[in-house]
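Please keep the sequence and the structure in view while reading.

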Amino acid sequence: MLFDPIQLGRYTLSNRVVMAPMTRSRAGAGLAPTDLNAKYYAQRTNAGLQITEASQISPQGMGYVSTPGIYSPEQVAGWRKVTDAAHQAGGRIFLQLWHVGRISNTTLQPGGAQPVAPSAIKPEGQTMRADFSMAPFETPRALETDEITGIVADYAKGAANAIQAGFDGVELHGANGYLIDQFLRDGSNKRTDRYGGSVENRVRFMTEATQAVVDAVGADRVGIRLSPNAAFNDMKDGNPRATFGKAAEALNELGIAYIHATTWGEGDGEIPGGPIGADFFRPLFKNRIITAAGYTKEKAEAALKSGGADLVAFGSLYISNPDLVERLRTNGPLAKPDRATMYGGDAKGYTDYPTLEAALA
């Protein structure tokens, strides 16, 4: 099943392998993609669908060094290099839309401003500053109610820019402790306005942002990534089944093409009610479900055969195996990624991983 074609929104994909979004911190001047980024994605078009690294929808949305944006003409032109290269190689590619919220820091914010969040709650842990040094997270500024409409509009503009840049669709980053996730979960959202308190209110920001993106580019080329189990970036929720169940129902009403859900990992700790699998969303969401995190070929096939998911995303394996689909298809050996070169740098650890055929030559 993993290598069978499948319909996803308006597109027929060649297989059910998805290249997961992975931050690589290699944007060029003006945080625009370069020819090097285009080569990286073109090497990996064997996936049925590629989802790019997360790209900030505004300067305020940035949280890490050298991550690409999707808000300036220069960035749109840079991403056009990527989509042209991917399409020439036969690929199908979506852009992931990102606002990190409280996970940023003043060295990365315009004018040295505080990062923003649903509530002024400082996460535990460390952040990377503009000089690549690590420091404790800062206390964010709680967004005023009337500011939220502007951020929703930034998501819509980012989506429109992505289509202008040649992308086939977009994925909202609603996972991993970034802004949408911060609004969803009660550990980071203590608001008392219409965006906080009840689960219906906490889901509102995600719903409005997704609706704006749907209005901009069409529901059949929109997806969202959710991480109901993830503790990354100090995320907590007292009743994740209620929270993510309500989120799935809202997304189903919007008719988007897919939900991309990460599974439980060893770093996620204890989940109230137990870990939530991708199959949790099946009764709540009528369109496609992508599952991700730690999959082998065997586990991927089992997830598809169970009916719990329609596609399977692979992350770090795609860093070091540009021809991953062929390696999985033939049970070829899988190269391990070099963690020292994952973030930042040049072609080393980025575009210099060989295909299996080249490695054996």
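Axes are lines fitted to C-alpha atoms, for helices over the stretch in contact, and angles run from 0 to 180 degrees between N-to-C directions. Helices (H or I, at least four residues) and strands (E, at least two) are DSSP runs, numbered from the N terminus. The model is predicted: local features need pLDDT of at least 70 and side-chain atom pairs count only at pLDDT 80 or more, while totals for chains, interfaces and linings use all residues. Residues are numbered from 1 along each chain as its sequence is written, and side-chain values use heavy atoms, with hydrogens and water left out.

The sheet comes first. Eight strands form a closed barrel in the order β3-β4-β5-β10-β11-β12-β13-β14, with parallel pairing; two strands pair if DSSP finds at least two bridges between them. On average, neighbouring strands of this sheet are turned by 25° against each other, direction ignored. Q56 has W98 in β5 as its bridge partner.

W98 also takes part in an aromatic pair. Rings of Phe, Tyr and Trp (its six-membered ring) pair if their centres lie within 6.5 Å; planes under 30 degrees apart count as stacked, over 60 as edge-to-face and the rest as tilted. By this rule there are 13 aromatic pairs. One of them joins W98 and Y178 edge-to-face, at 5.4 Å centre to centre and with 85° between the planes. This pair links distant parts of the chain, as W98 belongs to strand β5 and Y178 to the loop between β10 (169-174) and α4 (179-184), 80 residues apart.

Helix α1 (residues 35-42) lies across β3 (17-19), β4 and β5, and runs at about 150° to β4. The axes of α1 and α2 (residues 73-88) come within 8 Å and cross at roughly 30°. Contact means heavy atoms within 4.5 Å, and D35, N37, A38, Y41 and A42 in α1 meet W79, K81, V82 and A85 in α2. The residues of this contact comprise six nonpolar, one polar and two charged. Here Ala, Val, Leu, Ile, Met, Phe, Trp, Tyr, Cys and Pro count as nonpolar, Asp, Glu, Lys and Arg as charged, and the others, Gly among them, as polar.

Helix α6 (residues 204-217) packs with two other helices. With α3 (residues 148-164), α6 makes an angle of about 35°, the axes lying 8 Å apart. I148, Y155 and I163 are among the α3 residues in this contact, and F205, E208 and V217 are among those of α6. By class, the contact has 14 nonpolar, no polar and one charged residues.

On α7 (residues 240-254), the axis comes within 10 Å of that of α6, crossing at roughly 20°. The two helices α6 and α7 are therefore roughly parallel to each other. M206, T207, T210 and Q211 in α6 meet A247, A250, L251 and L254 in α7. The residues of this contact divide into five nonpolar, three polar and no charged.

Methods: Parallel < 35°, antiparallel > 145°, perpendicular 65-115°, else oblique.
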